[in-house]
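Dear colleague,

Please find the structure for your review below. My notes on the chain interface and on some annotated spans follow it.

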Amino acid sequence: MDLPGPIHDFLLVFLGSGLILGGLGVVLLTNPIYSAFSLGLVLVCISLFYILSNSHFVAAAQLLIYVGAINVLILFAVMFMNGSEYYKDFNLWTIGNGLTSLVCTNTSWYGVIWTTRSNQIIEQDLISNSQQIGIHLATDFFLPFEFISIILLVALIGAIAVARQ
Amino acid sequence: MNSRSKRLIRSIFHIHRSSSMFLLYEYDIFWAFLIISSAIPILAFLISGVLAPVKKDPEKLSSYESGIEPMGDAWLQFRIRYYMFALVFVVFYVETVFLYPWAMSFDVLGVPVFIEAFIFVLILIVGSVYAWRKGALEWS
C-alpha cells in the first residue's frame, strides 16, 4: 500500500477531528473519569500526528510518557474524588466558559493560514531519528541532560514529601 | 540493461517518490494493523449486542463473589499507596525514555558520554534511595 497525498490528508482530518472531539469530551463530560479517558484519546491522537510528521521517536516517547505515565497519574488523582460530588447544576454558558471558548477558537487562525507546505525532497537519512537525538543529547546538549536528572530528582523528592502528609 | 543503470533508475525512482509525500510508506502495515485491531472489538460488541437475548432478573444483576452471596459494598476507598507507586514509576519511566536515545547511539559515541550517562543514572539512584528510605515503596 503506497500512501499518496489524499490518504495523508484524510488521516490528518481524521486525527484532527478525533483530537477536537476528545478535547470537547474532557471539558464537557460530567463524570471526571470519562474526561480523564478522553484526555487519553487526545494524547494518542497527538502521538499519531507525530508519526504522520516522520518523528517516530517523539511519537513513541509521547505514547510512553504522556499516555502511559501522566494520564495514569491523572486517573489516580481523579479516583481520589468522591462519587457524589459530581456537577448537579451543569450550567454550560457561564461568562468564563464563553470567554475561554472565544479566545481558544479565534486566536490561532493567522498562524494556521500563513503555514505553507514545503516542497523539499525528503530522503531517508543514514542515521535514524533516535540515533541523531542521542548524539545531539550527548554532545551538544549534555549540560541540559544532566540538569534533567536534577529536575527529576527534585520532582521525586518534592512529590514524596507532599504526598506523605 | 546492466545492474548499475538499474540501480540508478531505482534510486531516482525513490527520490521522485518521496518528493510529493512524506515517508509514510514504511508505516502502511502499521496503519492496516491499527484499523483492523480497532475494528475487531467494535464488531464483536456490535454483533453480540444485536444477537444476544436480554432478560434481566435480580440474580443476574447482582455482583459476582466466587459463588457465595455478596456481602458488603463493592466500592472501596482508594488508598494513597497506589498513588505513591504511580509517582515513583513516572519518574523512573521518564529516566528510561532519556536512556533510549543514548543507548541507540552508544556505538558511535565514546567513553566520555558513557561517564555522562553514568552520572545521570547515579543522581537518580540517589532519588530512588530517598524514596526507599522514606517508605514510598512500602506495600503493607
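Across the interface of chain A and chain B of this predicted model, the rule finds 0 salt bridges, a salt bridge being a side-chain nitrogen of Lys or Arg within 4 Å of a carboxyl oxygen of Asp or Glu. The side of chain A that touches chain B divides into 33 nonpolar, 12 polar and 4 charged residues (Ala, Val, Leu, Ile, Met, Phe, Trp, Tyr, Cys and Pro count as nonpolar, Asp, Glu, Lys and Arg as charged, and the others, Gly among them, as polar). To this side α7(A) gives the most, with 13 residues; helices are DSSP runs of H or I with at least four residues, numbered from the N terminus.

In total, 49 residues of chain A are in contact with 54 residues of chain B (heavy atoms within 4.5 Å). The area buried between the two chains is about 5200 Å², and carbon and sulfur atoms give 78% of that area; buried area is the accessible area (1.4 Å probe) lost on putting two parts together, summed over both.

In chain B, the unreviewed UniProt entry annotates residues 29-52, 82-103 and 109-132 as "transmembrane region"; such annotations may be inferred rather than shown by experiment. Residues 82-103 of chain B are 100% helix, with end C-alpha atoms 31 Å apart. For residues 109-132 of chain B, the figures are 92% helix and 34 Å.

Residues are numbered from 1 along each chain as its sequence is written, and chains are lettered from A in the order in which they are written. Local features need pLDDT of at least 70, side-chain atom pairs count only at pLDDT 80 or more, and totals for chains, interfaces and linings use all residues, while side-chain values use heavy atoms, without hydrogens and water.

Kind regards

Technical notes: Helix = DSSP H or I, 4+ residues; strand = E, 2+ residues; numbered from the N terminus.
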